[in-house]
Amino acid sequence: MRAILLGAALVFASAAVAGAGECPMLQAQIDTQFGKRFDRQATEARTKAAEAMALHKAGKHDESVKLYDEAAQLGSIQLTRSK
């Protein structure tokens with residue numbers, strides 16, 4: 001029973017770490033796509049991405065990824081996710 005609980009804890013911990021590693025990758029994609037654009041959509045996307053990074057730093061990775069998705073939709077780009 002103890003081994004099962006330990007195994008389950010490791011699975012959840014590794015999922016959290018994987019989510020945490022995805023945020024910087026998504027930020028880099030937003031930076032690349034919108035870094036040299038100065039239109040309204042790009043400005044809004046960069047603002048959303050900054051909010052997402054703040055959530056990432058606070059440990060709220062699921063919320064962060066949602067904001068990155070919103071930022072990508074603002075500029076009509078597709079983000080590549082880690083698997």
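Mentor: Two residues are in contact when heavy atoms lie within 4.5 Å. This is a predicted model, in which local features need pLDDT of at least 70, side-chain atom pairs count only at pLDDT 80 or more, and totals for chains, interfaces and linings use all residues. Residues are numbered from 1 along each chain as its sequence is written, and side-chain values use heavy atoms, with hydrogens and water left out.

Trainee: Which residues is Gln29 in contact with, leaving aside neighbours within four places in sequence?

Mentor: Gln78, Leu79 and Thr80. Gln29 itself belongs to helix H1, residues 2–34 (helices are DSSP runs of H or I, at least four residues; strands are runs of E, at least two; numbering starts at the N terminus).

Trainee: Is Gln29 buried or exposed?

Mentor: Gln29 has a relative accessible area of 17%, so it is buried (under 20%; exposed is over 50%, partly exposed in between, with a 1.4 Å probe and protein chains only). Across the 83 residues of the protein, 30% count as buried.

Trainee: How many helices and strands does the protein have?

Mentor: Three helices and zero strands, in the order α-α-α along the sequence.

Trainee: At what angle do H2 and H3 pack?

Mentor: H2 (residues 40–57) and H3 (residues 61–74) pack at about 175°, their axes 8 Å apart (lines fitted to C-alpha atoms over the stretch in contact; angles run from 0 to 180 degrees between N-to-C directions). H2 is therefore roughly antiparallel to H3 (over 145 degrees; under 35 is roughly parallel, 65 to 115 roughly perpendicular, the rest oblique).

Trainee: Which residues meet there?

Mentor: Among them are Ala45, Lys48 and Ala52 in H2, and Ser64, Leu67 and Ala71 in H3.
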